[in-house]
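Take a walk through this structure, one element at a time. Begin with a sheet, then turn to a pair of helices and an annotated span.

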Amino acid sequence: MTNNEISKFTNLLLHLIFIILTITCLLPIVLVFMISITDYDTIVLNGYQFFPEKFSLEAYSYIFKDYTVIVKAYGVSIFVTVIGTLLSVFISSLYAYPISRTDFKYRGIFAFLIFFTMLFGGGLVPWYMVYTQVLDLKNSVWALIVPMLLSPFNVLIMKTYFQMSVPPALIEASKIDGAGELRTFFRIVFPLSLPVFATIGLFNTLHYWNDWFNSMIFITDTDLYSLQYLMYKMISQADYLSRNGALIQGSATELAKLPGETIRMAMALIGIGPIVLAYPFFQRYFIRGLTLGSIKG
Amino acid sequence: MAIKKGTGLMLSLVLMIGLTLSGCGGNTNNTKNAAPEATAKSTAGPAATETATATATEKTNELEQVELSLYLPGGPDKDVASVEQEINAYLKDKINATIKINQLSWDKPADKVNLMIQSGEVFDMVYTWNFMTNAAKGAYAPLEDLLDKYAKETKAQINPAYLQAATVNGHLYAVPTEKELGQSVGFAFDKAIVDKYGFDVNSITKLEDIEPMLKVIKEKEPGMSPLFMNHTDSLNWFTAYPESEDLDGSNEIPTLLDYKTMKIFNEYDTPEILERLKLIRKWYEAGYINKNGATDKTELKDAVKSGKAWFVYGNMNPTSTNDWTRLAEKPMIIKTLLPVQVGTKSLQGSMLAISRTSKNPERAMMFINLIHTDPVLYNLLTFGIEGKHYKKLDANTVEFIPDSGYNSVSSWMIGNVLLNYLNKDEDPRRVQLYKDWNANSKTSPVIGFVFDSTKVQSQIGALINITKQYKNTLYSGEKDPEPILKEMNSKLKAAGLDAVINELQTQMDAFLAAK
């Protein structure tokens, strides 16, 4: 106990450092929030301020004018993130596990295939053609999931992890005890590899949550916009409209009231959304990952 | 053992499928590509034969019903489906076609269309982004025969300069929107300020003429920036060479054509530009220009609205007075620096093309003809449904219903602008204004010249980067222009500006010789 104790001074210093660190992380978010509730004319005149002269919720009322769109986009994003993460972790592990096994006859070929695709891509047009014309996924929610199911990088991470932390002797032992390949994988390898599943899961969650490109390319149906794309689109729209306002006949009067900069900030806050909740959830597996192997050398 | 082998095989199979689906497998993709490419190519054939059969069936007046797809920028609007329905009901008796409006929104619509074009997707009509590149690549169907056959009225009424500007290598590849000819730069001043100090804005004929006004504002309006700039709007709107034209398709590389000598030159390597930049520098040092002009993100209209600036500048059109009054929410006065310049590029501003992959090009052309000649259809397409998206105030004037769910298809995108109802805020003299504007315009001597940039594509990319890097600094007046210009020019030269100029000149000479 005494060995682990640190002096009061060091303790204070460490606390101070972390408090400062926390503040530098949180302040920008606070500023973004304050800007999002500032009156736009005030920003034009005074610039960004922590305590603006005049408050206004115009940005939020612009965004939520048609709140069903946002709710739908939230739904699409959550669906895609959850299903996509589960599927992609599953598929990645199913690829990584066999090529991590030295007794798998074709591991060379499959390892090469995955490595090859990491170096050479087909290019945008063939990629687009496969999904629109071969698989016919245009304007389907699967167009947001399928293109990101398997990332070679994730597969290689998993493969390495399996090789490093699942002893071949263990697999052999389970085989002797009468477990089939599937049972070995799900009952022996999977529980031993939770940290890598969590890591890849987190990667994929972020990847799916932040993706807007697939929406942009494949989706024209408003009901299937993901949240990030909706935001991206709203911002570029607001940008375009305020810059070329003179061109747009119909809505020009409304356009004049478009609260440009504040919309951006309000959207950033909306976009952070539930993804911040994902971190603590995954975090406990990382802690477990660090303790793995600490009991027996 | 047999079971184990089975599961192993199954796992590998699942993986193979995963790999194919994920699209990461470059090698598996290639074999699959062959099929769609083949189908894409073969559509061009039937399209041609269908044209022939269509003319035959037309004689019996029994057009088979088809669906036409139309890709436009903006939106997507919530109510587009109900507008489609109305249009389809109306079109049934006219050309027996239904229309599917695809709105691509304002974020990189050009990229989306390029993907569609490159992958050979089947679609009918599209607003032309990157017109010259795509036309040269053969993305659009040639229209001259279709226009003669199915759009006689349009051909008769449209300004021939427009058709000339849409012609590449002897083929007409798009039907331009009928609107004002060309563009002109100018100012829109806050009327209150102009009246307060009694400025004579009509006396302004060139950029330099606003200097005394800037001085007055500087002295008497401390809270106001006499000349407000931001990262997109600087004085590069005002060219230092009146008798010239920017020819390249990119709009970003420093090559101009001198009308007098018909020679291409680097606009940043001339005494005129140095003089212009020195003037801006002088204004900056006198405190007329806001300090962060090169990076400020405030829109001009917002700056005017909030009283930070007192005028906006840039492209002006015949109805700008009203547009800017609406946007800045205060009365504005326009001063356009005449004459209006009409070049190929300004004519190509907005056009509608028929895709090479279209299965019904002749019906698409009939539709295009209608939006140029039929006010009912055109107003339906651009304004939406009466009572739902707009209210009629009198026979020809309408008022938009706010947040109606259909307002992104604008008349400047397609068709004939003069068929439109008047918006209640619009100048009632619109038709007359357009006529005057067109009468005042000066047509480029090289109309119809289109630069094929394929040979110097990589240089152009590099040049655009360099220009972007320096433009804002130069035009904001923040630094002494002379050394910066020198540095910029040496970089431009190193990046292959001469090759681009030579290529442009060669093509220009060939164009002039053919003329």
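Chain B holds an open sheet of five strands, in the order S2-S1-S3-S14-S6, with mixed pairing. Its edge strands are S2 and S6 (175-176) of chain B, and each pairs on one side only. The model is predicted.

Strands of a sheet pair through backbone hydrogen bonds, either parallel or antiparallel. Here the sense is parallel: S1 (residues 66-72) of chain B and S2(B) are joined over seven bridges. Ser69(B) has Lys100(B) of S2(B) as its bridge partner. Tyr71(B) stands opposite Asn102(B), also in S2(B).

Helix H9 (residues 181-192) of chain A packs against helix H10 (residues 194-210) of chain A at an angle of about 75 degrees. Their axes lie 5 Å apart. Angles of 65 to 115 degrees count as roughly perpendicular, so H9(A) and H10(A) are roughly perpendicular to each other. H9(A) contributes Phe185(A), Phe190(A), Pro191(A) and Leu192(A) to the contact. H10(A) brings Leu194(A), Pro195(A) and Phe197(A). By class, this contact has seven nonpolar residues, no polar and no charged ones.

Return to chain B for the annotated span. An unreviewed UniProt entry places the feature "domain: DUF3502" at residues 445-513 of chain B. In the model, this span is 74% helix and 0% strand. Its end C-alpha atoms lie 13 Å apart.

Definitions and conventions
Residues numbered from 1 in each chain as written. Chains lettered and ligands numbered in written order. Predicted model: local features only at pLDDT ≥ 70, side-chain atom pairs only at ≥ 80, totals over all residues. Heavy atoms only, no water. Pairing = 2+ DSSP bridges. Helix = DSSP H or I, 4+ residues; strand = E, 2+ residues; numbered from the N terminus. UniProt positions renumbered as here; feature names shortened; annotations may be inferred. Axes fitted to C-alpha atoms, helices over the stretch in contact; angles between N-to-C directions. Parallel < 35°, antiparallel > 145°, perpendicular 65-115°, else oblique. Contact = heavy atoms within 4.5 Å. Nonpolar A, V, L, I, M, F, W, Y, C, P; charged D, E, K, R; others polar.
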